[in-house]
Each structure stands twice: as C-alpha cells, then as structure tokens.
2 protein chains.
Amino acid sequence: MDINEKSYAYGAAKSSIREIAAYGAARKAQIGAENVFDFSLGNPSVPAPDAVRKSILKNAELPPAQLHGYTPASGMPAAREAVANSLNRRFGTSYDPGDLYLTCGAAAAISITLNAIVNPGDEVIVIAPYFPEYRVWIETAGATCVEVMADATTFQADTEAVAKAITPKTKAVMIDSPNNPVGAVYTRQTLEALAQVLTTRGEELGHDIYLISDEPYREITYGAEVPWVPSLYDRTIVCYSYSKSLSLPGERIGWVLVPNTNPRHDELVYAVAGAGRKLGFVCAPALFQRVLIDCVDEPTNVEAYATNRKALTDGLSKLGYEYIEPDGAFYLWVKSLEPDAEAFFNKAKALEILPVPSNSFGCTGWVRLGYCVSLDTIQNSMPAWEKLRNQYK
Amino acid sequence: MDINEKSYAYGAAKSSIREIAAYGAARKAQIGAENVFDFSLGNPSVPAPDAVRKSILKNAELPPAQLHGYTPASGMPAAREAVANSLNRRFGTSYDPGDLYLTCGAAAAISITLNAIVNPGDEVIVIAPYFPEYRVWIETAGATCVEVMADATTFQADTEAVAKAITPKTKAVMIDSPNNPVGAVYTRQTLEALAQVLTTRGEELGHDIYLISDEPYREITYGAEVPWVPSLYDRTIVCYSYSKSLSLPGERIGWVLVPNTNPRHDELVYAVAGAGRKLGFVCAPALFQRVLIDCVDEPTNVEAYATNRKALTDGLSKLGYEYIEPDGAFYLWVKSLEPDAEAFFNKAKALEILPVPSNSFGCTGWVRLGYCVSLDTIQNSMPAWEKLRNQYK
C-alpha cells in the first residue's frame, strides 16, 4: 500500500463514540437539539471555573514573547511545581517538578507513557469494559492489548483474573478509577490485591510490571475514597488531565507523573521525555500551563453531576431499568434490554436516545450513558426511555 | 530492557539545540543575560501581533463549555475554513476545510504526516543540512532517514543527487523552504526540477513519491518568492505552524494540508486523521483554533528580522566571517573558522557566544546563528566575535 494501512484504518473507522456523537450533532441540526437525547460524549456540561477565565485575562497582558514562547519540553518549572505542591498537600507525598512531564491532555500522557515503556511484542493488560482508545494506543506502541474482564457484579478489577493473564511478556496493567465507562471506583482493598499480584508475579518473572493509572475522573466522585495508587504500588505511573476536573477538554492540558518512589524513576523520566519527543509533542500549550499555576486547586463542581446522576438513576429505576450505581465519573452503565447491545442501541436511536453500546468497551449486554449533559436532557428523555422499555414488554 | 530503549535514548540525549539553549539559560543566570550571546534557539523575538491578545480577550468571554470543549479531531470547521480561505486567496487554490487537519504545531503535523504514509522499511529523503528532529520523527515512523547534501554553494536542493538517492523503498522527500538552518529559499526552478525528478522516478518505480513541504518560515522572507509547492507537484503534503509567523511557538497550533489536487486525497485525509488518533493527538488547542479565525491573515513583522539580519551580516562580514546570505527564515549559516565545527563552537562558547554547530544538522564546517534575538544581543556580541576571529589569525 502506498500509505500506512493502520493509520488509514484508524482514520476511516473513527472512534465509535465520536461516530455516534457526529450522528447526534447532525440529528440535532435536523430536528432540533431539544428533541435529541445525546448521552454519547464525555464532554463536560459543567463550565470551567471562573478562575480559568480570570487567569486567561491576567496572563493575556504578559509580554507576548514571554507568554507564548516555547517552554521546556516537560513544561514550565513553575507549572510543574504548582502541580507537585498540590499532589504533595493532598497525598502526603514529596514530589518535585522533575517528576512531572506536562502533556497535551491524558491521551498524550497515556500514549507517551506506553511508548516510554513498551517494546514490540510486549503485552499490556486492560480491565474490560475499558476506554476503547486504550487499544489503539497500546497497539501503536507495538504491544498486544490483553483484555481481562472486571468482576461481573461489582466491576472492580478482578485481581485473580489479572494474575492468570500475566505472562512473561506482560509489561504493564492499565487502570482508570473512577472508571470510564462504568463509574466504578477501585477500593483500597482491590488496589492492594492488585499491587500484591503485580509484585509477586513481577518477582517470579524477574521483571517489573508497571501499573499505568489513568485518572482524569479522580475529582469526580460521590463519596467514595479514591486511594493514591503510587502509595500502594511503587511501579505506578500516573496519567492525568484537566479535561474533566477543570472542564478544559479542548485545551489539551495534563501530565505524566513518574513518582520519586518508583525504583526506575530516573530511567523512566528520560524515557517519558524521549517518547514525547519522538511522537512530535514539543510542549503542552503554554498559556494553559500558566492557567494551571492559578487554577490547579480549583474545586470541581461535582454537585452538578450528582444532581444529574440522581435524576437519571431515579428516572430509569422507576421505569425498571437495571444499572450499576456509579461511585465516580459521569457515566451510567445500563443493562441492555436484550443480549445484543447494538440492537438495543438501534432501538434507542430510533427514539432519539443516543447511548454508546458496550461492544465499544470490550463487552456485551450494556450501554454507557454520559450524564455530563444538561439536567433538561435527562428529564426530557424519560418518555423516550419509557417507550423503549415498553417495546420489550 | 524493562523500558523502551529508543525513547530512553531520545530523552537522555535530548536535542543538541535544546542542550545548548539550556546551557545558555543557566549561564545567563550565572553571569547576567547581557553577557551571554545566545543564538541557539528559534524562539521568535518578535512579539505576537496585538490581534492575538484581542482575540484571546474576546474569546475568553464565550460560555466556557463552548470555548473549552472538545473540537472535532481535525479542528473546528470555522477555523479550518479561515485557513482554507486564506490559502485560496493567496495561492489561487480551491481548498476546503476537509483538506485541513489542525495540529499541535508543525512537529505534530510532520510526525502525523510521516505516520500516515510511511511503512516499516521505507526510506525518507531529507536535504542536508536539515532540522535534526526530522530524523527522530522519520525513524519513529519506522523509516530510514536518507541524507542528500544540498548544493554546496547555493544550498538549493541538489535535484540530481536526489534522483540518485531514490530507491524502490523511497516513500517521500522532505523539504523546508525557507530553510532551517541555512535560510535558503528554494527557487521555482529548483522546485520544478525536483517535481520532475519525483514524477519520473515515481513512474519508473510504479509508486507515488510524496513531497512533504514543511513551511513554518513561509512568511519570513527578504524579497524572495516562495512558490506554492502543491501547484508544482501534485503529490505534495504541506505542514505548517503559526509558531514563527504569529510568534506562538508555545501554544502549539498548526496544520497538515492534503491538497485536493493530490491524486490520493481521500485516502490521505483518512490516514492523517488515523495517524493523529493513534499517536494520542485529540485536537489542536481549542482557544488557539479560535484565535486563528481572527488572526490567520495578520502580517508577520519581517522588518524586525530584516534589521537583525543586516546588523549581524554587516558586523560579521566586517570581521571577515563568511556566511550564506539568507533569503528567508531567521538563521545565519556561518562558516566555521576551522574544519571541526564542534571545536569552533567550543571556542565561541568560551567567549559566551552560543551558536549551534552544523554537525547537529547533518554536515560539517558551519554553525547556525538564530537571529530571532534582540538587536542589542547582536550588536553587543561583536567584540566577542572579533576576539574569536583573532584566535584564528
């Protein structure tokens, strides 16, 4: 082929979530936004805090060459220091700016981390259901994506199943807690068991098994504890983004943290920087690095998502739908009313409801609803959900 | 190895340009900025036009969820339309937004383009001296970087040498005109000859040879014509950045253009989108996409660079230095006073002058001076240049 086939395929197929969102946008233009109940995307409905606007206005008055110039590849020292200080205050750690590499969002952070540690032929374990782009990034880094199903009832990571899936080729396990798409938050007990498995199997195999902890939803929880993963397993690398916590998904700002407790810290810091360089990342957007200095500790408006969550779960449970009660993030994992989630999705779509079928996340029989939408969308969707339910009676 | 060796090596070695710049920053802190003559970086000294500030202030008042939300992966339609319209006005073309894919700067644009077209084992030709990161991105995409020396006198692409270097594995030739590091601008004649070579050899080999035209310095010229490359060769893909023309290097905003005249247009558009997706690029920074809508046609302050260029060339020629008269960009290519450019660099460094030795750009015997610095730096550096010259008398 005269071009790269895999790139072509990834471009032609697109992400199924983005496909449904594009259909939703077109459909809204056709019949009116108020008549489409689009639960497909994870685009926060809560606005960025006003401190972001204030920080932009303040920084816009800096000398432009200073404001918009290249920053070090790993980010401005002051921005990395602000992030390190925030983590240290919250988790009792002692990180310094050198442990952080600022990125163009979590996608870049994960892609960079994988390219920093993976060699061709390695395996990376994901806990299904999982964010579908994980597979794309794992395969691009040259590894095989190995799916391990979460516990079928609690959707906690099934640590025994992880232990069984580990082979001499296993380089890393990826988790995201609070979880997309289910909303599960891994308990301290789950993470301790996982750490035990990775330690024991790593020692048996004679090589490190890294834990990549993708944490864009850390700040969005409904009472559950979100343990600090590196304090439980020292071979952890953390990937973070302000897309959800500060509602800045379009601005592409996040980071990779190589905790100073990681026994391979110095090598990993270099490998992360090298991976960023080789993929074509030069630095994270400079203005938003400065916004972080001002806004890193701004609280996330979880209340709005909690209200949406209650409206959606109350409405759907009244109609007899089954779902997993989410402890975090802003997704509801709803049981399909027939075994084929795609067929269920198509019936929903005919009623202008747009969830994402679970096939996209590596399992069957469920759909994901993003409730990072307006409360009106949730409330107004209920008659359509009722019609859908009645089709199965 | 427990991590990726190449990523480690790219991180541990760093870019030599960045190494020198880091030394310069440390040295300035030590002995005062006015005592270090740092010509290492391509960080524009000309401030971004005030229209950028005004656009930021205006856009900061938009509803935040609209302003900071995800955009389509290829960019906001309105931003791509603004770019397409600007190109069409200037080059008599008929591009539409679908031909453009907005990126996090030119580094991302080039990395994405290479990953869109290259398969493992391919070869990509660069014209030496060349921007050293080209090799990193070419190798990361799985190809071999093949260096072809430019004409030794004019530093135009040596099209006969390119013809000889083409093999059945040649997938693409990369050019940047105005050129970094020499400041050469390829003439229409050179580009026509290059197009002829690529057409003929491509037909003989029975496959397309792409021309990747990296154009961050298009707007910075001192009278020379910069022909529109796709109008001369239809298998061209253009990579652009606003880092230099709008002085926004830290903000990471640029694009890939697949011209609608490219016979493989539709395939390439998908492959570019797929490559962006697989490398972990989600969208270009949203606020600066909006800034483009307002500022895409802002003129570049070339006058300031012309003043610097004159001061530097006047000063150095009086001292007896030889250099290539630059037709574009903001670099001066100065002949080393001894065959070993690294040794010459070290003597310069001892006098607090920081150029970049030509070894970094794939050839020996020269240094690059970035004159995107203050006029004072240039003027105040002359006594040091004189001392350096006298060491060779």
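In strand E13 of chain A, A:Val367 is the bridge partner of A:Val334. Everything here comes from a predicted model, where local features need pLDDT of at least 70 and side-chain atom pairs count only at pLDDT 80 or more, while totals for chains, interfaces and linings use all residues. As for labels, residues are numbered from 1 along each chain as its sequence is written, and chains are lettered from A and ligands numbered from 1 in the order in which they are written.

E10(A) and E13(A) (residues 366-370) run antiparallel, joined by five bridges. Strands here are DSSP E runs of at least two residues, helices are H or I runs of at least four, and both are numbered from the N terminus. Two strands count as paired if DSSP finds at least two bridges between them.

How many of the five residues of E10(A) are buried? Four of them, so this strand (residues 331-335) is largely enclosed by the rest of the structure. Buried means 20 or more other C-beta atoms within 10 Å of the residue's own, with C-beta atoms placed from the backbone.

## Two domains in chain A

Chain A is split into domain 1 (5-49 + 300-390) and domain 2 (69-295), with bounds from an automatic or database domain assignment. Their C-alpha centres lie 26 Å apart.

## Where chain B meets chain A

Between the chains, 69 residues of chain B are in contact with 68 residues of chain A. Elements giving two or more residues to the chain B side include helix H1 (5-13), helix H6 (105-117) and helix H10 (265-279) of chain B. H10(B) has the largest share, eleven residues.

By class, that chain B side has 41 nonpolar, 18 polar and ten charged residues. Nonpolar covers Ala, Val, Leu, Ile, Met, Phe, Trp, Tyr, Cys and Pro; charged covers Asp, Glu, Lys and Arg; the others, Gly among them, are polar.

Definitions and conventions
Contact = placed C-beta atoms within 7 Å. Buried ≥ 20, exposed ≤ 12 C-beta atoms within 10 Å, placed from the backbone.
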